[in-house]
Number of protein chains: 2
Amino acid sequence: MTRSQWTLSDVLLRATSLAPDGEIATKREDGEWHQYTYQDAYERVCQLAHALDELGIGAGKRVGTVAANHDRHYELYFAVPGSGRSLHTINHRLPDEHFEYVVEDAEDAVLFVDPQFIERVECHRDAFEDVSAFVVLDDEVPDTALEPVTDYESLLEGRPTEYEWPSLDPETECGLCHTSGTTGIPKGVQHTHGMLVRACNMMLQTDTVAVSGSDVVFPIVPMFHGYAWAYPYVATIAGSKLVLADSHTSPEALTSVIEREGVTIASAVPTIWLDVAAYLDESGKSIAGLERIQSGGSAVPESLIRRYDDAFDVEMIQAWGMTETAPFATISRAPSGLEADCGEIDLYASRAKAGRPVPGISVRVRDEDGESAPRDGETVGELQVRGEWVIDSYYERPDADADGFTCDGWLRTGDVATWDKRGFVDVVDRKKDIIKSGGEWISSLELESELMRNDAVAEAAVIAVDHDIWQERPFAFVVTERDRTVDAETLNAHLRERFPKWWLPDEYEFVDALPRTSTEKFDKQQLSKRLDS
Amino acid sequence: MTRSQWTLSDVLLRATSLAPDGEIATKREDGEWHQYTYQDAYERVCQLAHALDELGIGAGKRVGTVAANHDRHYELYFAVPGSGRSLHTINHRLPDEHFEYVVEDAEDAVLFVDPQFIERVECHRDAFEDVSAFVVLDDEVPDTALEPVTDYESLLEGRPTEYEWPSLDPETECGLCHTSGTTGIPKGVQHTHGMLVRACNMMLQTDTVAVSGSDVVFPIVPMFHGYAWAYPYVATIAGSKLVLADSHTSPEALTSVIEREGVTIASAVPTIWLDVAAYLDESGKSIAGLERIQSGGSAVPESLIRRYDDAFDVEMIQAWGMTETAPFATISRAPSGLEADCGEIDLYASRAKAGRPVPGISVRVRDEDGESAPRDGETVGELQVRGEWVIDSYYERPDADADGFTCDGWLRTGDVATWDKRGFVDVVDRKKDIIKSGGEWISSLELESELMRNDAVAEAAVIAVDHDIWQERPFAFVVTERDRTVDAETLNAHLRERFPKWWLPDEYEFVDALPRTSTEKFDKQQLSKRLDS
């Protein structure tokens, strides 16, 4: 038998051993490029591990980061867990109250902060009782009220470039992420080395996102969000070139990074891909080297998948996951036989679903009585998940555990879904977003997806509004494509082709843009508030 | 955190859930085809699990199989470990003494035996003290001295087609394999569910053998040998079509199975691929659908890799492993950049090596003083291995552990190897096969590989013979290609282009065929005995 399961230091050692000259390229916040190799990075990761020892951060203590996507954050991704501490990546876009809460909840011993987020941290300094030091992720310390404070380069300077990595139990916590808290106080999700290593191995598989050593991997998704869906780790275990772009997420910046660095696979939420598609159409720019994009975080309209296929020759791979299942649990690619068996319509309909559970993950769909819903692709129920990188409890939140997990240990995702015979899960809505009208359910997500198939519609969000007779009724917010107009009547006629009459929104509001959450999803809470006020 | 790591029953449940109509096709011993689906297989696996309960085989007890590659053996692969027992696959080609030893060592509670191997088992019946029942893998029991005995179909008949799989710790033993014992008494190697599940996940990866749901997988390697390199499990987790061919291993049978079933990936030892190549040349037959073959068990001559590329358009992927690292630890495919960086000569030279460690496995090369050999691709030392499916002790063999593992827990493979900067391990010889001449080492493997590059040579084996002055000297056995002749002088002139004069064999013997071991490797022990006698 064996006791040699890998931890995250083994992941980095693999790149150092097999791809020492493999490149990590960052477009830093100031627009300058920083390029170095896995070997270079390894030496700095060792220096950082020594620095953490010197700072007196004990084993198992948490190290917080308030940082964008860059090489120094990458170094923290390995030095912190590799040396036996836990990485706590903090979403800088959280509301004040939650921002303070998560740092307190994690009892972060030290915070590593980008210069651009120092002000944000300063405002909350008094609430951070456990934080004994601040490190600015730069080569100098700007004028700041934080203290004690040092800069990252001074912290590393002159330290040894080798480190004796401790032999860790693979079930040691390597990181803590908090949920984005759209449904209440953020909840802590603990990941272990084993969970992330197993998830990385899944992402190298041909039938998932198939990351290979010859790929150029560009995680656009923020590094504070579910480890950027594990891509920094995945690129490292594969020995792929890794590209990071700090906070540069405009479509113009993204396409130029993709072109310049020869990116073959990139990952981001659908709203980013909507913006990129619009920019490419408008500018006539090219993303010729890009082979596939992985979209996650919220549902991808079928129209967008077709658009990337037809206009840009890029395969859009949809994946479904949440912080509790990071990076993801299902993936939507054409399975064996599907392309041959069915027409193009079925193929795209399947690809627009959340997808099939990946190896290591089990799913089930349960109705309100806790019974299995039939796998007919029509009957809805709650999606429940269990597996090799799915948590079975939250960090010190017995209140949340009671709601969050079934008594036999499955994660209750809060997503309403169908499941079909081929194994494709279709998330029809968040439980909280579903519209309950006259005792029946209307899927806001399906309405949005269908609206976005209309040529004149760029973006759409549908929410529930209270109704005296029907309890709730759908209300649609629509952003039209540039230079296009459309009216409610036309859109309802479009929807009527697919949905019963009582599904159609009672009202439409045409807006210039939709508000987005800290993780770039359409912010339905804010839309509701706007109607209430 | 999670406690939901997969076991082998989850692997089968995945196929049943996502590819219930996926096919398992067996060319049985009598030449008839048996075809059924994963759903069909699942129901029979459940019946078999119930039968094991009924036979009173306790949790953790071992179930022995003396069987070829077929659907019933596949059912045992899942029912035995899934229900908490351990599968003991027995090599029917072992010498008598070893055959008895392994059954006693495993304390097999029951033996499942193919009709063709019943006589073999009958001869040793008296030695099998722990075996309380025999099951003939057929639908009737032939005349036999074994007792109590039943046939497999009667055992399953009428039992429920669902089973409540126990929730097992992933580190539960799922199987016991014995080494082939070419260096002494066979040693027991215990595998756990976790080890095999992790290895399967590795084999789905793009940079390894990249098994996908759209593949048709044909393990030619026997199912008694390292779980047929895990392919039955790998095909199942991927939901691929699986093809088995019992004991049909003639080149004619293999190529006809490949053609008939549309095989895309097949695995076997190099001698099989040598035979198949010769047969294809001779017969003019085609293997058009075959995309890649995985070769393992012993080194692949570079000439054979080129031949499959050029003549048959099939990628030969070499993998290195042993029972202790089953299925394998390194794999030889062109890594990122290698194709671009180097010429064709370098590319083939790399592909002819054992390859690079796969994710989950760490390797090192140590000289006789236990120091790291430089990674120059030239300095030899012992290959040592550690990782997620590598054992760190043998089953109840403290004597073997002392030799087999370093004090820090690495497996001492007994292979002599070099390692280069790109990460390619080159196994230059088995420690026991290396020829020690005048205080220097001569690699028998390199001589063989170079001899087989000569157009007139079909097969070559080089062994050490004692020598008064030089201690040992090389002696070559050569099989020429059909209708070709060649003499020692010509072959030595060929070798002289690459090796120093003192490496050249002192003597040659031209033979019609080379003896092979129970696992289809050239049997050098027998060749040595032939010279001694």
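In the predicted model, the C-alpha centres of domain 2 of chain A and domain 3 of chain A are separated by 24 Å. These two units belong to a division of chain A into domain 1 (8-315), domain 2 (329-430) and domain 3 (435-532).

The interface between domain 2 of chain A and domain 3 of chain A involves 6 residues of the former in contact with 6 residues of the latter. The size of an interface is often expressed as the accessible area that is lost when the parts come together; for domain 2 of chain A and domain 3 of chain A, about 460 Å² is buried between them, and 56% of this area lies on carbon and sulfur atoms. Strand β20 (residues 425-430) of chain A makes the greatest contribution to the side of domain 2 of chain A that touches domain 3 of chain A, supplying 3 residues. By residue class, that side of domain 2 of chain A comprises 4 nonpolar and 2 charged residues, with no polar ones. Between domain 2 of chain A and domain 3 of chain A, 0 salt bridges are counted, whereas 2 residue pairs in polar contact are found across their interface, both at pLDDT 80 or more.

Methods: Residues numbered from 1 in each chain as written. Chains lettered and ligands numbered in written order. Predicted model: local features only at pLDDT ≥ 70, side-chain atom pairs only at ≥ 80, totals over all residues. Heavy atoms only, no water. Domains from an automatic or database assignment. Contact = heavy atoms within 4.5 Å. Buried area = accessible area lost by both parts, 1.4 Å probe. Salt bridge = Lys/Arg side-chain N within 4 Å of Asp/Glu carboxyl O. Polar contact = N/O pair within 3.5 Å; in protein donor to acceptor, adjacent residues only side chain to side chain. Helix = DSSP H or I, 4+ residues; strand = E, 2+ residues; numbered from the N terminus. Nonpolar A, V, L, I, M, F, W, Y, C, P; charged D, E, K, R; others polar.
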